[in-house]
Amino acid sequence: MNTFIKPSQIILRVIRINFVELSSNSSNLRLTNKTKRFHSTQIKLNMTGQNTQETKPLFERLPQTIVPTHYDLTIQPHLDKFKFNGDVNIHLKIKEPTNKVVLYANELEVDQAKVKSHSNDEQKGTIEFDKEGERITVNFEKQLEKGEYQLFLKFVGEINNRMRGFYRTKYTTPDGNEVRYGASTQFEPADCRQAFPCWDEPNFKATFDITLITPKNLCAISNMPVKSENEYAEDKEWKVTAFDRTPIMSTYLVAFVVGEYDYVETKDSNGVSMKVYTPVGKKEHGQFALDTGAKILPFYADYFNIKYPIAKADQIAIADFAMGAMENWGLITYRETALLIDPKFSSMDTRQRVAIVVAHELAHQWFGNLVTMDWWTDLWLNEGFATWIEYLAVDKCFPEFDIWTQFVADTFARFLVPDALKSSHPIEVPIGHPAEIDEIFDAISYSKGSSVIRMLHDYIGDDAFRKGLHNYLTEYSYKNTVTENLWSHLAKASNKPVNEVMSSWTLQMGYPLLTVTEEQSDKKRVLKIKQQRFIADGTADVENLQWKIPITVFTKSNPKKIAQQILMDKPEITITLDNVPEDDWIKFNFNSIGLYRVKYESKTLARLNEPIASKSISPQDRLMIQNDVAALCNAGHQSFVDYLNLLPSFKDEDNFTVWKSIASNIGDLSSLLEYTNYFDEFKRYRLNLFSSIQKKLGWDTKSTEDPLSAMLRPMILSIVGKSGDQDVINEAKKRFQRHIDGDLIDPNIRGAVYAIVSRYGDESTQEELRKLFTAADMTEEKVRLLRAMGQAIKPKIIENTLKFIFEGDNVRMQDSISGLVGCTSSRDGRDLVWKFLQENWKTLIERFGEKSNFLIAFVEYGLSDFADEKIASEIKTFFDSVNTPIVARPVKKVLETIHMRSEVLKRDSKAIEEFLKQQK
């Protein structure tokens with residue numbers, strides 16, 4: 001799955017300078033294998049980030065004494081009533097005598113239960129419903145002995161509007177005159193039970209024969225190719241579509257879609273059939289994803305040395321979709337903005353994003369679908385691996401994107417922020433009740449997980465990694481597995497202590513800070529290294545966590561080669577570098593592959609100005625130097641003046657990703673300094689920092705420029721415009737007016753222009769933006785406009801934008817977060833968003849559902865930029881009173897972040913003010 005909150009792929013968050021970016025505890029180390037894997041059924045979990053454990057309801061996974069092997073499933077949706085009916089025949093193996101069968105069913109009316117034995121003996125059952133447990137129990141008078149049985153059930157359910165289970169999707173006909181509905185599925189993690197009764201846990205794998213009964217004018221699509229299509233005997237206007245049998249797979253990977261679609265199709269180089277389904281009249285919008293998929297699928301088949309296991313690999317754009325995409329085997333579902341590319345009007349950033357998301361989902365066809373985690377505790381392995389290898393595939397197919405540098409900014413640096421909080425969690429989180437699962441689809445699962453895989457790949461080398469991976473996938477094909485099984489295969493292939501090294505990274509939260517001190521002895525540089533957990537607010541780690549850290553060091557004499565590599569397995573070590581003159585620079589973490597931050601002495605850091613300015617070290621290394629310093633400043637290890645003094649070394653920087661990282665850190669600082677009386681002085685500093693690159697890039701695309709320049713330009717224009725450059729503001733207004741008059745703005749800079757005119761415009765500007773939003777038939781364009789609307793600086797306009805987003809049917813539920821985040825881009829906007837959330841929290845829960853991860857996003861993105869402990873207290877009091885369990889951890893993260901920001905202001909504000917005065 002690809003989450004909607006993932007930067008540069010799903011929702012493209014507003015950087016805090018108001019630019020829209022395109023883009024547990026240590027006791028877990030001591031868990032026994034049995035406890036860690038949760039074969040035990042009674043559990044207490046610390047899922048809120050609190051120091052005391054929160055007792056969860058007792059939860060029992062279904063017993064392995066009854067195992068499904070096959071489902072014969074028929075579904076008939078009635079889109080005019082938003083209802084569906086169906087029946088299922090589940091083939092079972094009963095391993096112990098019993099008089100009851102327990103399985104999952106949620107929000108379904110289930111009846112007419114009966115069971116048939118292998119010898120055709122039949123008996124009817126009575127059904128008990130456990131609404132809270134989302135289960136039914138089918139009771140039988142006569143005991144069922146060991147053997148094979150078939151369980152028959154009929155059921156009725158609602159085609160809901162919550163984008164989970166079997167739900168409805170709304171779309172408009174190509175002429176714009178009629179609203180119609182289709183239906184789609186989203187079952188991961190635990191919502192297959194909303195569509196049909198089943199053993200809805202990942203380790204109950206089975207095969208599926210799926211049949212859909214639908215109106216003849218609608219497409220009926222599922223995981224497998226169509227086996228037959230016939231007229232429905234009871235209504236000649238309907239059809240019965242039967243599909244080939246699926247491979248053995250988990251219930252969360254089942255998919256079916258009903259609606260009106262066009263498609264483009266091809267076969268990859270291995271003969272696999274591929275289609276991309278699009279809205280009617282937009283089949284050309286699927287061509288980029290189709291071409292990309294046809295390159296990536298055979299790349300994976302070669303890399304894993306395992307053929308793609310089924311006959312087709314279809315992808316479909318769903319109008320209403322909560323996540324970014326979902327890897328259903330043979331029928332991957334996507335949000336429209338994650339799959340569709342308009343050849344004329346899509347930006348370069350969107351093209352890159354589509355390539356990344358397609359690569360992610362296709363990777364799951366092997367890693368997740370063919371081989372599946374035993375339980376959600378190992379979710380990180382599914383998502384972390386797919387996030388790492390998506391970059392490998394995109395780098396292979398689109399080298400012009402310099403994607404591994406972007407990995408460092410968008411994925412590696414991304415997890416470092418939440419994982420430094422005390423409310424973080426380990427990569428491997430013990431999951432008990434499925435209600436906890438949505439909390440773990442976060443930056444730790446995806447970004448830290450993939451960074452660990454990247455570090456491991458580098459540690460053992462590509463040859464050993466591919467060999468071990470192939471052996472792992474081969475042994476566990478069509479089965480379930482746990483993390484240690486992968487470590488075992490990789491250790492065997494590499495002869496390295498993989499499990500010993502990796503366990504410290506997956507079973508405990510956080511990551512280390514390496515504090516480096518140096519002494520010079522002739523031409524030898526003696527480096528003393530101390531490790532300790534890096535905590536965001538600078539407090540000491542009372543648990544004294546330690547890691548096994550693959551460390552690399554390189555020097556000025558050979559900036560493209562590692563001078564020394566060592567596995568640090570102690571709290572402190574000393575290493576000596578030969579032939580390093582006294583004035584030469586040294587740097588840790590070659591290409592920023594190791595999962596650690598580095599704190600250098602001031603003289604060591606000062607020497608790094610030279611390779612930054614000369615660009616003799618890689619972009620990955622340049623961006624992480626400033627990223628580490630910014631984090632150390634936030635934690636109080638250094639003053640933010642040190643960070644501001646470092647930035648002039650980047651004045652000649654020309655790499656998109658380096659600038660993106662700087663912009664992100666400057667954005668964080670900007671939102672903090674809004675709460676001072678010298679913010680205007682900081683804006684002048686910011687403008688001076690970014691002006692030279694803006695003048696170099698200009699407004700218009702050059703025929704010789706690379707894709708990264710096309711992505712860099714709007715970012716810089718946004719920053720410079722919102723820093724008060726009047727020439728840029730005026731030009732944005734001119735281009736916007738010409739756009740309204742029909743001279744359309746280059747799609748690559750539209751988002752920047754919209755944001756600038758929204759910021760400096762009035763209500764008439766907002767009206768023009770809303771008109772463009774209503775008229776747009778491309779979701780990418782609607783989201784661009786939606787992000788911009790809230791970035792006004794007039795409170796009344798922000799209030800009206802929040803009403804536009806959440807009242808009526810103006811904005812799809814899935815896009816509301818984009819608009820809300822835009823509204824947080826100013827101090828007044830944050831206050832209004834906080835007020836809005838308080839006044840409308842109950843309504844939001846009713847609309848999105850109490851388990852929706854949209855609620856997580858509203859909290860994390862809506863409230864993290866405050867810097868006042870009084871506001872933090874208000875937030876805590878409010879969420880203590882509303883009792884919404886899914887946001888318990890996000891609220892804790894928000895409170896920690898506000899505390900950290902408040903401390904930065906207390907500690908550094910005066911020094912920053914003095915620094916800025918000296919810049920005049």
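Lys267 has Ser273, in strand E19, as its bridge partner. This pair belongs to the contact between strand E18 (residues 262-267) and strand E19 (residues 273-278), which are joined by 6 bridges and run antiparallel. The model is a predicted one. The points below begin with this hairpin, continue with two further sets of paired strands, and end with the chain as a whole.

**The hairpin of E18 and E19**

- Strands E18 and E19 form a hairpin, with 5 residues lying between them.
- Within the turn, Gly271 has a positive phi of about 85°.

**Strands E14 and E17**

- Strand E14 (residues 219-222) pairs with E17 over 4 bridges, in the antiparallel sense.
- One of the residues concerned is Cys219, whose bridge partner in E17 is Gly259.
- Strand E17 covers residues 256-259, and from it Phe256 and Val258 point one way, while Val257 and Gly259 point the other way.
- Phe256, Val257, Val258 and Gly259 are all buried.

**The open sheet of E28, E27 and E30**

- An open sheet is formed by 3 strands in the order E28-E27-E30, with antiparallel pairing.
- Its edge strands are E28 (564-568) and E30 (586-588), each of which pairs on one side only.
- From one strand to the next, the twist averages 20°.
- Strand E27 (residues 549-555) is joined to E30 by 3 bridges, and the two run antiparallel.
- Thr555 has Ile586, in E30, as its bridge partner.

**The chain as a whole**

- The protein chain contains 26 helices and 31 strands.
- Its radius of gyration is 28 Å, close to the 29 Å that the globule rule gives for 920 residues, so the chain is as compact as a globular protein of that length.
- Taken along the principal axes, the C-alpha atoms of the chain fill a box of roughly 90 × 65 × 55 Å.
- Of the 920 residues in the protein chain, 65% count as buried.

**Surface and charge**

- The accessible surface of the protein chain comes to about 33,500 Å², and 47% of this surface belongs to carbon and sulfur atoms.
- The protein chain carries 116 positive and 127 negative side chains.
- The centres of these two sets of side chains lie 2 Å apart.

Notes:
Residues are numbered from 1 along each chain as its sequence is written. This is a predicted model: local features need pLDDT of at least 70, side-chain atom pairs count only at pLDDT 80 or more; totals for chains, interfaces and linings use all residues. Side-chain values use heavy atoms; hydrogens and water are left out. Two strands pair if DSSP finds at least two bridges between them. Axes are lines fitted to C-alpha atoms, for helices over the stretch in contact, and angles run from 0 to 180 degrees between N-to-C directions. Buried means under 20% relative accessible area, exposed over 50%, partly exposed in between (1.4 Å probe, protein chains only). The radius of gyration is taken over C-alpha atoms; the globule rule is 2.2 Å times the number of residues to the power 0.38. Accessible areas come from the Shrake-Rupley method with a 1.4 Å probe; for residues, only the protein chains shown count as cover. Lys and Arg count as positive and Asp and Glu as negative; His and the chain ends are not counted. The place of a charge is taken as NZ of Lys, CZ of Arg, CG of Asp or CD of Glu.
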